[in-house]
Amino acid sequence: MNASLKQLTLAPMMLEPNRVWRFYTGGKMIDRFKGVPNPVDSLYPEEWVGSCVQATNPGEHFRLGEGLAVISAGLSEPVALKTIIETFPEEMLGAQHVRTYGANPALLVKLLDAAVRLIIHAHPTKAFARQHLNDCFGKTEAWFVLETRPEIADPYVLIAFREEVSRSRYKEMMLKNDIDEMMRVMHKVPVKAGDVVYVRAGVPHAIGAGIFMVELQEPTDYSIILEQTCPAYTFKQEECYLGLDPDITLSVIDHRVYTLEEVQRELVIKPHVLRKEGESVEVQLLGYDTTECFAGRRLEVKGKLSDDTAGRSSILIVLDGKGKLVHNFGEIPLERGVELFMPAAVGRHEFLTNSQVTLFKCLPAQA
Ligand SMILES: [Zn+2]
């Protein structure tokens, strides 16, 4: 078993579908993206791609193992990706990564499709997680908008405070459930396909209705719930503050006032071309110059694009087009919706296509 598992770490790994229950509806766009017949919205609006993170849904919605990605291709029975990584950490994640983060992939990737506006929330910083949660990861995240629903006229996200809001005033709004006022004090930023938004840990935020995105995050499921009622669930007090004293948890919320220019400059990230090969390009959507937590790139392949894992793992999602990935031990057909975990041990590989194929490449925290 282990010998065949080890062999697997030399080639890209096909990821099985991995939808996760959440407290809001959506997911129709994920169904469509993955070619599922009769796409529908449901309470499974997220796909956790190559995840080694347990979903911590509240109350009776907690299910052990939910969120953990599974590999079955090439195996007699399915195995959790987390198990393979813990068995062969260096082959899977790379030696330098393992020295820094152990067998933690230091990345959580999601496809997220919101049919409704999500509740206003925030996430802890690394420093807070270290001090109060006994964890070295908080949850900085970033949004890469793939599509918006045509029936939504003005897709937007809410992010950061646009006026001075004292902690006591904000707490009052929360207690009164004054959602209009909570929304009013935040920036409402219009978004469209291709936009990239960086969400620093601590910054309050919410995704508007009708947005389908790739989301990159630190590898945790810590959320601080600021708006406690949503259509599918009403949070109990003890579910909102990471199990800690509310005042301690709310102290991590970033009350900095951003001007619209600061939001556009610091939180809306501009992509740029990293390299070209013939007509193919690798575009940096968000890089380590923004955060050490992860990087997101787009591979736009026309003809051929060579790549190398260079001793690091990555996750690939085929966004569009058709082609194949040729590696040292074979090849994998690529089409929209295919998701792959690329072990560090894969090394050099090539993307080939007769027309075009576009992939999203996710890289973990800088080691
Ligand atoms: Zn969030």
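Visitor: In which strand is Phe360 found?

Guide: Phe360 belongs to strand β25, which covers residues 357-363. Helices (H or I, at least four residues) and strands (E, at least two) are DSSP runs, numbered from the N terminus. The model is predicted, so local features need pLDDT of at least 70 and side-chain atom pairs count only at pLDDT 80 or more, while totals for chains, interfaces and linings use all residues. Residues are numbered from 1 along each chain as its sequence is written, and side-chain values use heavy atoms, with hydrogens and water left out.

Visitor: Is Phe360 buried or exposed?

Guide: Buried means under 20% relative accessible area, exposed over 50%, and partly exposed in between (1.4 Å probe, protein chains only). Phe360 counts as buried because its relative accessibility is 1%.

Visitor: Which residues is Phe360 in contact with, leaving aside its neighbours within four places in sequence?

Guide: Contact means heavy atoms within 4.5 Å. With those neighbours set aside, the partners of Phe360 include Phe144, Val214, Leu216, Leu285 and Arg297.

Visitor: How is the chain divided into domains?

Guide: Domain bounds come from an automatic or database domain assignment. Here domain 1 spans 2-267 and domain 2 spans 272-363. Taken over C-alpha atoms, their centres are 23 Å apart. Domain 1 gives 38 residues to the contact, and domain 2 gives 34 residues.

Visitor: How much area do domain 1 and domain 2 bury between them?

Guide: The size of an interface is often given as the accessible area lost when the parts come together. Buried area is the accessible area (1.4 Å probe) that two parts lose on being put together, summed over both. For domain 1 and domain 2 this comes to about 3000 Å², with 72% of it on carbon and sulfur atoms. On the side of domain 1, the residues that lose the most area to domain 2 are Leu10, Pro12 and Phe33, which together account for 22% of what that side buries.

Visitor: How many polar contacts and salt bridges are there between domain 1 and domain 2?

Guide: A salt bridge is a side-chain nitrogen of Lys or Arg within 4 Å of a carboxyl oxygen of Asp or Glu. Two salt bridges are counted between the domains. Arg336 and Glu147 also form a salt bridge, with their closest N and O atoms 3.8 Å apart. A polar contact is a pair of N or O atoms within 3.5 Å; within protein, one must be able to donate a hydrogen and the other to accept it, and residues adjacent in sequence count only if both atoms are side-chain atoms. Six residue pairs, both members at pLDDT 80 or more, are in polar contact across the interface. Several elements each supply at least two residues of the side of domain 1 that touches domain 2, among them β1 (13-14), α3 (81-87) and β8 (141-148). The largest share of that side, five residues, is from β8. By class, that side has 23 nonpolar, six polar and nine charged residues. In this scheme Ala, Val, Leu, Ile, Met, Phe, Trp, Tyr, Cys and Pro count as nonpolar, Asp, Glu, Lys and Arg as charged, and the others, Gly among them, as polar.

Visitor: How many salt bridges does a search of the whole structure find?

Guide: The search finds 36 salt bridges. One of them joins the side chains of Glu46 and Lys110, at 3.6 Å from N to O. Glu46 is in strand β3 and Lys110 in strand β6, so the pair ties together parts 64 residues apart in sequence. Glu46 and Lys110 are both buried.

Visitor: Which parts does the salt bridge of Glu282 and Arg297 tie together?

Guide: The side chains of Glu282 and Arg297 meet at 3.0 Å, N to O. Glu282 lies in strand β18 (residues 280-286) and Arg297 in strand β19 (residues 295-301), so the bridge ties parts that are 15 residues apart in sequence. Glu282 counts as buried at 2% relative accessibility, and Arg297 is buried with a relative accessible area of 18%. Glu282 and Arg297 also belong to a network of salt bridges that includes Arg275, Glu277 and Lys361.

Visitor: Where is His349 found, and what does its side chain reach?

Guide: His349 is in strand β24, residues 348-352. His349 counts as buried, at 5% relative accessibility. The side chain of His349 reaches the backbone oxygen of Gly347 at 2.9 Å. Beyond its neighbours within four places in sequence, His349 is in contact with residues including Leu305, Asp307, His327 and Met342.
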